[in-house]
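Subject: Structure handover

Hello,

Here is the structure I promised to pass on. Please open it alongside this note.

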Amino acid sequence: MPAKESRAKVNRRSFLKTGVIGGGAAATGSLLAAPAVLAQAPLVMKMQTSWPASDIWQTMAQHYVERVEAMSGGRLKIDLLPAGAVVGAFQVIDAVNDGVLDASHSVSAYWYGKNKAASLFGTGPMFGGSPTTMLSWFYAGGGEEFFRELLQDVMGMNVVGLMAFPMPAQPFGWFKNEVTALSDIQGMKYRTVGLAADVMQSMGMSVAQLPGGEIVPAMERGVIDAFEFNNPSSDMRFGAQDVAKNYYLASYHQAQETFEFLFNRDFLEDLEPDLQAILRHGVEAVSTANTAFALDNYSSDLQKLTAENGVVVHRTPADVQQAQIDAWDQLIPQLESDDLMKRILDSQRQWVERVTYYELMNAPDYTRAYQHYFPNKISL
């Protein structure tokens, strides 16, 4: 076979088998000269997030990049891009499906408009399970197969999805005035995403679903009256403290979300098995790294918001929390009219009933110990 024809037949898989791995390919002579040259360059994977370049979540996505590149010995590089570099924050799933992107870093609630079942993988009903409980359901309770069924069988998407980072419960959010009772939020224009939008709508709020970078400008223009995004660090970087001073934590609207990693299925399956394993298990590795990084930054940034920016931190009023649970109760029967969502919700309930029973019975009263060593610091 002429050398020119041989080079034409080099594809991503043969490149990884002969070029990146090297070995005997270079020793076979001029016939495989082209792969030997290709071996000098890594395979570059294009990955876009749904986050602005300045957001802490872009940094957390970079943690994944660093781990993948280190574990692959430089054979696999990731070109990490912020929201808008190729497509909008809410469009990454389409770009990965179409092969415009090889992968994305986002949250499943961002494409809830395509299929509401997306929101069950992070922004679903509050049955009592923690974020860690629900991420464990994804990997050990059948959630990953449900996600595959939704993406590939139901929606016909050419993608593979994994989850990482059990996010601390999302704050109820930022308000210009204090919220002391459920009646205070009636008629407010509020930003959230996913099924949380349905919950808040049923509680009397008017809901807008906006990507992170558009939230504070919308607040400044009066398009919304209040909002939540996710955490003190992201909120502070967006400038939330410049448009509101009352920050409400401890909410049931999005209490168990995770990051979503999507991979183009053809791209992933064309890789050598060890590189596929690195991409998959890198998600698990970065989940731990993200958790430690988030707890460090979220807590220190919350202190900055109060000490340096005049933000007053509150817990969400009990009647608002109860109204959120009641709203979930009203929404669940509507969701269960869909067979897949019914099966997912049944699986989640069974998991939470068993696993959270153990977690709650086993957990000591951390509040008691905290108040003992740090008296007068917190009132719950």
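First, a definition for what follows: helices (H or I, at least four residues) and strands (E, at least two) are DSSP runs, and their numbers count from the N terminus. Please also keep in mind that this is a predicted model.

Now look at one pair. Strand 3 (residues 103-106) and strand 10 (residues 259-264) run antiparallel, joined by 4 bridges. Ser 104 has Leu 262 of strand 10 as its bridge partner.

**The largest pocket**

How much space lies in the largest pocket? About 1800 Å³. Its lining has 45 residues, and Pro 168, Ala 169, Leu 249, Ala 250 and Arg 315 are the closest to its centre. Several elements each supply at least two lining residues: helix 6, helix 12 (273-309), strand 11 (312-315), helix 14 (339-362) and helix 15 (366-373). Helix 12 gives the largest share, 6 residues. By class, the lining has 24 nonpolar, 17 polar and 4 charged residues.

**The cavities**

The count comes to 3 cavities of 30 Å³ or more.

The largest cavity has a volume of about 110 Å³. It is lined by 13 residues; Leu 120, Phe 121, Gly 122, Met 134 and Trp 137 lie nearest its centre. Helix 6 (residues 131-140) brings the largest share of this lining, 4 residues. The classes here are 7 nonpolar, 6 polar and no charged residues.

The second largest cavity holds about 50 Å³ of space. Residues lining this cavity include Trp 51, Trp 57, Tyr 110, Arg 191, Glu 228 and Glu 257. Its lining has 6 nonpolar, 3 polar and 3 charged residues.

Best wishes

Methods:
Residues numbered from 1 in each chain as written. Predicted model: local features only at pLDDT ≥ 70, side-chain atom pairs only at ≥ 80, totals over all residues. Heavy atoms only, no water. Pairing = 2+ DSSP bridges. 1 Å grid on protein atoms, 1.4 Å probe; cavity = no way out; pocket = protein on both sides within 12 Å on 5 of 7 lines; lining within 4 Å. Points joined across faces, edges and corners; volume = space filled by probe spheres on them. Nonpolar A, V, L, I, M, F, W, Y, C, P; charged D, E, K, R; others polar.
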